[in-house]
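Please have the structure open as you read.

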Amino acid sequence: MGQVAWKGLFLSLFDYKTEKYVIAKNKKVGILFRILQLSILAYLVGWVFVVKKGYQDIDTSIQSSVITKLKGVAYTNTTELGPRLWDVVDYVIPPQSFGIPDAVCTKNSDCPEGEPVIAGNGVKTGRCLKSGAVNTTGMCEIFAWCPLEKRQKPQIPVLGKAENFTVYIKNSIRFPKFKFSKTNILNTDDDSFLKTCRYSKENHYCPIFYLGKIVSWSGNNFQEMALEGGVIGIQIEWDCNLDRDASECHPQYSFTRLDNKFTEKTVSSGYNFRYAKYYRDANGSDYRTLIKAYGIRFDIMVNGKAGKFNIIPTIINIGSGLALMGAGAFFCDLVLLYFIKKSNFYRDKKFEEVK
């Protein structure tokens with residue numbers, strides 16, 4: 001690049017460019033420009049401000065439910081209780097299930113005394129029990145509650161009539177940004193309201209639900225689910241427009257099954273848990289009744305958002321709309337200057353150099 005070219009480039013940095021408006025008598029480009037303007041205007045008014053309420057400041061909150069399981073076994077020997085075995089049904093709240101491990105051995109050293117067995121029925125005593133032959137395999141003797149639980153599953157639900165039971169779900173929400181609070185219970189002085197009302201889609205301020213209806217709303221049969229149990233998610237959604245009266249902020253409920261019943265048959269389908277009741281006889285021997293309960297678990301999840309007018313998001317969204325209007329004009333300029341037959345003519349009219 002020569003010296004003259006460098007000089008011209010340097011001096012061009014001090015040029016000032018101002019807008020020049022040219023009225024182009026081209027109906028096709030004119031119609032295209034109006035279509036772009038109307039489309040952008042419809043998007044701004046219809047979608048941004050009406051549907052998405054872009055004139056509001058938004059406060060959102062998300063809550064979730066997590067299910068955990070714990071496995072393990074421990075052995076204690078205290079003055080107060082004496083020798084005692086603790087497994088998951090003893091120290092986990094809520095109780096949960098465990099599996100039965102194997103304890104194959106060929107000699108006593110394969111069964112270290114006090115070592116918990118895998119997944120936890122008890123602890124090894126240090127003895128390998130065999131049927132007779134020297135080289136045969138045996139089973140480690142285990143200090144545990146006996147007998148182990150039965151593997152049979154119930155054929156009919158014990159509480160089949162529980163579908164007529166009711167559950168009371170009280171939900172209180174608050175949006176701290178707007179200092180707005182509300183509950184899912186009707187604000188009334190009638191003491192008999194909660195005793196007589198039942199939830200329906202028309203009566204969403206009654207928080208009392210029939211168990212059978214909750215299961216049916218999730219797409220399931222109560223009697224079938226009661227056999228092996230299941231987990232149902234109850235979603236409470238609050239969508240509040242605080243530019244309106246607070247009475248128009250309603251809870252919306254949805255129900256879905258969360259366990260893997262509909263994926264494929266597995267050993268973990270359904271829902272059950274174990275708990276125990278303990279006794280001691282006159283001779284000082286300890287006993288327990290182990291109960292495996294099949295039940296329906298409800299996980300309640302609350303989501304919501306609240307919006308209220310605020311000048312800042314309003315100005316931001318209007319400014320974005322005006323910028324899109326400018327983009328429409330820029331697109332039409334490109335069509336005039338590069339994509340029509342008389343583009344050179346329009347280019348000469350639009351750009352003029354003044355010295």
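Is Tyr-199 buried or exposed? Tyr-199 counts as buried, with a relative accessibility of 9%. Please keep in mind throughout that this is a predicted model.

Now for the wider setting. The protein chain has 355 residues, and 31% of them count as buried. Its secondary structure consists of eight helices and 15 strands. If you take the contacts with a separation of 6 or more, 60% of them are made by residues 24 or more positions apart.

Let's turn to the aromatic rings. The structure holds seven aromatic pairs. One of them joins Phe-175 and Phe-180: the ring centres are 6.5 Å apart and the planes meet at 25 degrees, so this pair is stacked. Both Phe-175 and Phe-180 are buried.

Our starting residue belongs to another pair. The rings of Tyr-199 and Trp-217 have centres 5.6 Å apart, and because their planes stand at 80 degrees, the pair is edge-to-face. Tyr-199 sits in the loop between α4 (193-196) and β10 (208-210), while Trp-217 lies in helix α5 (residues 211-217), so that the pair links distant parts of the chain, 18 residues apart. The two partners can be set side by side: Tyr-199 is buried, whereas Trp-217 is partly exposed, with a relative accessible area of 33%. Both residues also belong to a cluster in which ring pairs link Tyr-199, Phe-209, Trp-217, Tyr-253 and Phe-255.

Charged side chains come next. How many salt bridges does the count come to? There are seven salt bridges, and three of them are worth a visit here.

Begin with Lys-107 and Asp-110, whose closest N and O atoms are 3.5 Å apart. Lys-107 is partly exposed at 46% relative accessibility, and Asp-110 is partly exposed too, with a relative accessible area of 26%.

In the bridge between Glu-115 and Lys-124, the closest N and O atoms are 3.0 Å apart. Here Glu-115 is partly exposed, at 33% relative accessible area, but Lys-124 has a relative accessible area of 13% and is buried.

Finally, look at Asp-299 and Arg-297, whose side chains meet in a salt bridge at 2.9 Å, N to O. Asp-299 counts as buried, with 5% relative accessibility, while Arg-297 is partly exposed, with a relative accessible area of 22%.

Terms used
Residues numbered from 1 in each chain as written. Predicted model: local features only at pLDDT ≥ 70, side-chain atom pairs only at ≥ 80, totals over all residues. Heavy atoms only, no water. Helix = DSSP H or I, 4+ residues; strand = E, 2+ residues; numbered from the N terminus. Buried < 20%, exposed > 50% of the residue type's maximum accessible area, 1.4 Å probe, protein only. Contact = heavy atoms within 4.5 Å. Salt bridge = Lys/Arg side-chain N within 4 Å of Asp/Glu carboxyl O. Phe/Tyr/Trp six-rings, centres within 6.5 Å; stacked < 30°, edge-to-face > 60°.
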